[in-house]
Amino acid sequence: MCDRCGCDAAGEMIHEHSGPHAHDHSHGHGDGHDHAHGHSHAHGAQHGHDHGSFAHRHDVDRGQPEPSDRAGRTVRIERDLLEKNNAVAKANRERARANRLSIFNLIGGPGAGKTALLEATIPRLGKRWEVSVLEGDQSTDNDARRIKEAGCTAFQINTGTGCHLDATMVANGLSELRPRDGSIVFVENVGNLVCPALFDLGERAKIVVMSVTEGEDKPLKYPHIFRAAELFVLTKLDLQPLVALDEERCIGFARQVNPKIRTLRVSSRTGQGMDDFVAWIGETAAKATVMSETTP
């Protein structure tokens, strides 16, 4: 149950009004969950929630709105909160431009290889760029410690029940991280291919990370992130001989969703393809720096 996105809106609105609502991804909630949430918002699309066999109490004397009113109210609340996120994201982007920062948002499912990719990237980029990382996880600082051991500054953001980072968390994280002007900041988002795709953090680019073990049709199952991303990194290439994934078919599916997406194939363990990834990051950061210097 997420307390940062429309999952929370569903929990709060359904528990108060017992109505279905529109949103873009489905969540199953089994018995025994306690839903106490402080805010709610949606992503502007359809989002169905299955709440299992919860026992809802709906007193008829509360003057609850009709179903059509519930849906409208939910959409209004969710739109307002998403707009608030976008306003903070805009401020993050302006802050990055003023300080010549290049922020890259890494999005992928659990076990996609995001942290390993960063571990292999940091020492390679460190020859030219100063790098820092905002680590997003529901719990623990395990990944932040791994990143620090790889040779750069990291700040851990724990979201608790939240399933993604939002722009305010990134703004606060940047204040804690205090990256040097002209440097690169990676945001490793919470392991999730749904909600992170829909939340602008003020990043320079979204990068979708997927391993060869995940199934070649994943771009079709999770089209929003592949549509939003500039770069698709297919990781764990060293495991390719052990799995049945058809790389060309997988990349074809990604391009079917987003014809403009750039694709790279890497192995963080063997180093295969890492030079291409580091080059893309460096070139993109250099362009962002030049734009920052020439934009009044």
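Predicted model: local features only at pLDDT ≥ 70, side-chain atom pairs only at ≥ 80, totals over all residues.
At the start of helix 8, the backbone nitrogen of Glu248 has a side-chain oxygen of Asp246 within 3.2 Å.

**Helix 8 and its cover**

- Helix 8 spans residues 247-257, and its buried residues are Glu247, Cys250, Ile251, Phe253, Ala254 and Val257.

**Glu216, a buried charged residue**

- Glu216 sits in the loop that runs between strand 7 and helix 6, and it counts as buried because its relative accessibility is 16%, where the cut-off for buried is under 20%.
- A polar atom of the Glu216 side chain lies 2.7 Å from the backbone nitrogen of Asp246, and Asp246 is also the residue whose side-chain oxygen reaches to within 3.2 Å of the backbone nitrogen of Glu248.
- When neighbours within four places in sequence are left aside, the residues in contact with Glu216 are Met210, Ala244, Leu245, Asp246, Arg249, Cys250 and Phe253; among them, Cys250 and Phe253 are buried residues of helix 8.

**The largest pocket**

- The volume of the largest pocket is about 300 Å³, and 24 residues line it, with Gly111, Ala112, Gly113, Lys114 and Thr115 lying nearest its centre.
- Helix 3 (114-125), strand 4 (131-137) and helix 4 (142-150) are the elements that each give two or more residues to this lining.
- Sorted by class, the lining consists of 11 polar, nine charged and four nonpolar residues.

**Loop residues with positive phi**

- Arg100, in the loop between helix 2 (67-98) and strand 3 (102-107), has a phi near 55°, which is a positive value in a residue other than glycine; with a relative accessibility of 28%, Arg100 counts as partly exposed.
- Lys236, in the loop between strand 8 and helix 8, likewise has a positive phi, near 60°, in a residue other than glycine, and with a relative accessible area of 27% Lys236 is partly exposed.

Notes
Residues numbered from 1 in each chain as written. Heavy atoms only, no water. Buried < 20%, exposed > 50% of the residue type's maximum accessible area, 1.4 Å probe, protein only. Helix = DSSP H or I, 4+ residues; strand = E, 2+ residues; numbered from the N terminus. Polar contact = N/O pair within 3.5 Å; in protein donor to acceptor, adjacent residues only side chain to side chain. 1 Å grid on protein atoms, 1.4 Å probe; cavity = no way out; pocket = protein on both sides within 12 Å on 5 of 7 lines; lining within 4 Å. Points joined across faces, edges and corners; volume = space filled by probe spheres on them. Nonpolar A, V, L, I, M, F, W, Y, C, P; charged D, E, K, R; others polar. Contact = heavy atoms within 4.5 Å.
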